[in-house]
Amino acid sequence: MEYKRLPLYGGASLFKMNKNSYKLGVHLFRGGRSILEDIKLLRINTAQLFSGSPRSYRPTNEKLPVFPFNSVFIHAPYVVNIASPDEKVFNLSIKKVIEELKLAEELEWEGLIIHPGSSKKMGKEVAKRNFFKALEKILEEDIKAKLIVENSAGEGDGWGSTLEDFYSIHEEFPSIYFCIDTCHLFAAGYNLKNPRVCKETFYSFFERIPVEKLVLIHINDSHFPLGSHRDQHAHIGKGAIGIGGFKNLLSIPEIRKIPLILETPKDSPMADLYNLHTIRKILENSD
Ligand SMILES: [Zn+2]
């Protein structure tokens, strides 16, 4: 893919030919500008989206956009909770996950991202048990698209915020893939600001789970401090992780090969451009 310098920023080209092999994108919301216009404007080569309403189990009746690349991830709607102790929610969630996986397969997209979920005050063990039960059912289907579990911030009875939780998923279900959200990781107590801790966290992961299983990084700063177990994303460099934390993260060669997708606030028309620019600057100066 050829990138042209965006006149907006001036100065040296944002892309140097030998350094643009990384995949960088954003979560795209449909509506307003077309997705293709967004892709052109933002110069992204990977993306994430909801296939329909994020607050409904119903399938979308809108036509999904055609992307100029296959590195597209569907994020499951917020109502999906496969760890739920409520039978209705549990079953609807499983059905929705299967539907979305089939959709990703049909469109030849990467896969579907789900959250570990919560047992709504019945404890993390119940959540984990339900989650495992749900995965067993989902994996009975023979679907090629990847089922990707994202780490949580460990709020309330949400589980799946620790590396150990990931190891247990991998041991039980080796076909599952993973996404690490930097905001959630930091909120769960992993100090990405410290270069040693940042490296150790990822290399501990890679010791137990093959690097090919980590297929996506949600690259978000955190509004709340280390270990707060609160999930609120902030603009890159404007939150508690800060530029130093992202420099640590992107100095890990394995991480630079994984698609990086921003889920930062879209509170101004320039927000995505600002955050992408900040990450590109780090990626291109840290070799
Ligand atoms: Zn995320």
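# Briefing on a predicted structure

Ser 53 counts as partly exposed because its relative accessibility is 38%, where buried means under 20% relative accessible area, exposed over 50% and partly exposed in between (1.4 Å probe, protein chains only). Ser 53 belongs to the loop between strand 2 (46-49) and strand 3 (72-75); helices (H or I, at least four residues) and strands (E, at least two) are DSSP runs, numbered from the N terminus. Its C-alpha atom is separated by 20 Å from that of Leu 262, 209 residues apart along the chain.

This is a predicted model, in which local features need pLDDT of at least 70 and side-chain atom pairs count only at pLDDT 80 or more, while totals for chains, interfaces and linings use all residues. Residues are numbered from 1 along each chain as its sequence is written, and side-chain values use heavy atoms, leaving out hydrogens and water.

**The largest pocket**

- The largest pocket has a volume of about 680 Å³, a volume being the space filled by probe spheres set on grid points that are joined across faces, edges and corners.
- A pocket is an open set of points on a 1 Å grid over the protein atoms alone, where a 1.4 Å probe fits, with protein on both sides within 12 Å along at least five of seven lines; lining residues have an atom within 4 Å of a point.
- The lining comprises 36 residues, and those nearest the centre of the pocket are His 75, Tyr 78, His 115, His 184 and Asp 231.
- By class, the lining holds 16 nonpolar, 13 polar and seven charged residues; Ala, Val, Leu, Ile, Met, Phe, Trp, Tyr, Cys and Pro count as nonpolar, Asp, Glu, Lys and Arg as charged, and the others, Gly among them, as polar.

**Strand 7 and its partners**

- Strand 7 (residues 214-218) is largely enclosed by the rest of the structure, because five of its five residues are buried.
- Strand 6 (residues 177-181) runs parallel to strand 7 and is joined to it by four bridges; two strands pair if DSSP finds at least two bridges between them.
- Asp 181 has His 218 of strand 7 as its bridge partner.
- Strand 10 (residues 260-262) also pairs with strand 7 in the parallel sense, over two bridges, and Ile 217 has Leu 260 as its bridge partner there.

**Nonpolar cores**

- The largest nonpolar core has 76 residues, of which Phe 202 and Ile 255 touch the most other members; such a core is a set of buried Ala, Val, Leu, Ile, Met, Phe, Trp, Tyr and Cys residues joined through side-chain atoms within 4.5 Å.
- Helix 2 (residues 87-107) gives the most to this core, namely seven residues.
- Another core, of seven residues, lies apart from the largest one and includes Phe 73, Ile 113, Ile 148 and Ile 261.

- His 170, in helix 4 (residues 163-172), counts as buried because its relative accessibility is 14%.
- Not counting residues up to four places away in sequence, His 170 touches Phe 178, Arg 208, Ile 209 and Pro 210, contact meaning heavy atoms within 4.5 Å.
- The buried residues of helix 7 (residues 242-250) include Gly 242, Phe 246 and Leu 250.

**Positive phi in loops**

- Most residues other than glycine have a negative phi.
- Glu 108, in the loop between helix 2 and strand 4 (111-114), has a positive phi near 60 degrees and counts as exposed at 56% relative accessibility.
- Lys 121, in the loop between strand 4 and helix 3 (124-138), has a positive phi of about 75 degrees and counts as exposed at 78% relative accessibility.
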